Amino acid sequence: MNDEMSAMQAEPTPARSMPVPRLAERKRLLLAVARPRRRRQVVFACAGAVTAVAVTTGALVLTTREPRPAKQHDMIRCYSIGDPDGRAYTELSRASLPEDPGPAQIYDPVPSCASLFRQGFLRLGRSGVDKDTDPNVGHPVPKTLVACVLKNGQIAVLPGTECRQFNLPALSAR
Amino acid sequence: MGAIDIREPSDVSLVTAMLEDGTDAFGTLFEQHADAVYNHCFRRTGDWSLAEDLTSVVFLQAWRNRRRIQLVEGSALPWLLAVANNMLRNTTRSVRRHRRLIAKLRPEEAAPDFADEAAERMDDVRTVQRLNETFQKLAVDDQEVISLCVWAGLSYVEAAAALDVPVGTVKSRLARARGRLRRLMETPEPAVLEE
């Protein structure tokens with residue numbers, strides 16, 4: 001009885017996590033249901049009595065995405081893993097001075113995120129913000145960081161050489 | 001570089017991104033709150049597999065109703081737990097109503113492999129089942145306020161939003177629920193008459 005009463009005063013069972021593979025699979029299935037289905041456009045080409053469907057085997061048409069401006073510059077994402085769909089990122093904003101109206105703008109996203117690596121807040125290949133930092137020590141910075149634009153218009157700085165590898169447009173010059 | 005502020009993505013930014021386009025943000029919201037919803041559902045049902053299914057449905061409801069998600073003190077969790085509570089009021093009916101969705105959202109592998117946690121999870125099941133013998137004698141309002149404020153650790157303000165009642169009502173309901181529970185536990189089981 002006492003056990004039961006104490007369970008009513010606090011968590012009755014320890015909080016447990018969904019097993020990681022299970023969580024990932026559940027997430028995948030949820031996103032599959034949530035993502036809007038793309039309608040396939042089928043084009044029939046009729047020429048005289050001949051209907052030709054031309055398929056160039058092995059040819060992959062790459063759509064080069066044009067650089068795009070960001071929707072805002074006051075909060076950017078710095079990724080420690082080159083996966084824009086993952087959660088290995090932290091959001092970065094800058095404190096504005098009291099006399100400045102509105103949030104501070106970040107127009108140098110790559111150096112800003114590089115600084116987080118240098119100070120040890122971010123570690124390449126590891127998710128989360130590292131609490132054990134030492135600004136006096138030069139921590140490793142990824143050799144190449146690239147500034148891209150997410151679908152929501154936010155700037156994402158990822159370890160990588162070009163945004164195309166993430167299927168994202170590059171951030172256009174100011 | 002000046003003063004900087006770094007943080008995990010907030011629910012505010014995630015829900016905003018969900019409105020704009022974002023299934024990516026939805027995935028992150030799921031990762032951030034799935035365990036809280038999962039544990040809430042388990043403690044009310046005593047069934048880990050059912051808790052998983054209900055968690056998936058709660059999040060799908062969140063996606064489908066993303067324009068209606070209410071953030072309480074910057075958190076989406078109270079709203080998510082409110083959706084969970086709606087389903088938990090009649091779990092059997094909820095499962096029946098959402099059976100097709102549940103089938104779509106359930107991984108093919110039938111049962112989760114808890115590996116070295118299996119024994120502890122079995123203990124959890126026994127604990128909750130024993131607890132529920134008493135807990136379910138409470139009115140649903142009382143069950144909900146205890147599960148939100150005590151078990152899930154929501155603040156009074158968050159619980160008020162989840163239950164859609166004033167904060168004062170949460171406080172009085174919680175006090176009343178605890179009193180009722182105490183009395184239920186003090187009531188001796190009816191004696192079995194022997195012939």
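**Notebook: a helix pair and some salt bridges**

I looked up H2(B) and H4(B) and found a right-handed crossing (the near helix is turned clockwise from the far one by less than a right angle). The model is predicted: local features need pLDDT of at least 70, side-chain atom pairs count only at pLDDT 80 or more, and totals for chains, interfaces and linings use all residues. Residues are numbered from 1 along each chain as its sequence is written, chains are lettered from A and ligands numbered from 1 in the order written, and side-chain values use heavy atoms, without hydrogens and water.

I noted that H2(B) covers residues 23-45 and H4(B) residues 77-88, packed at about 30° with axes 10 Å apart. Helices here are DSSP runs (H or I) of at least four residues, and strands (E) of at least two. Axes are lines fitted to C-alpha atoms, for helices over the stretch in contact, and angles run from 0 to 180 degrees between N-to-C directions.

In one of them, Arg16(A) and Asp124(B) have their closest N and O atoms 2.4 Å apart. Arg16(A) is in the loop between H1 and H2 of chain A and Asp124(B) in H7 of chain B, so the pair joins two chains. Arg16(A) is buried at 11% relative accessibility, and Asp124(B) is buried at 4% (buried is under 20%, exposed over 50%, partly exposed in between, with a 1.4 Å probe and protein chains only).

I also checked Arg94(A) with Asp108(A), a salt bridge at 3.0 Å.

Definitions and conventions:
A salt bridge is a side-chain nitrogen of Lys or Arg within 4 Å of a carboxyl oxygen of Asp or Glu.
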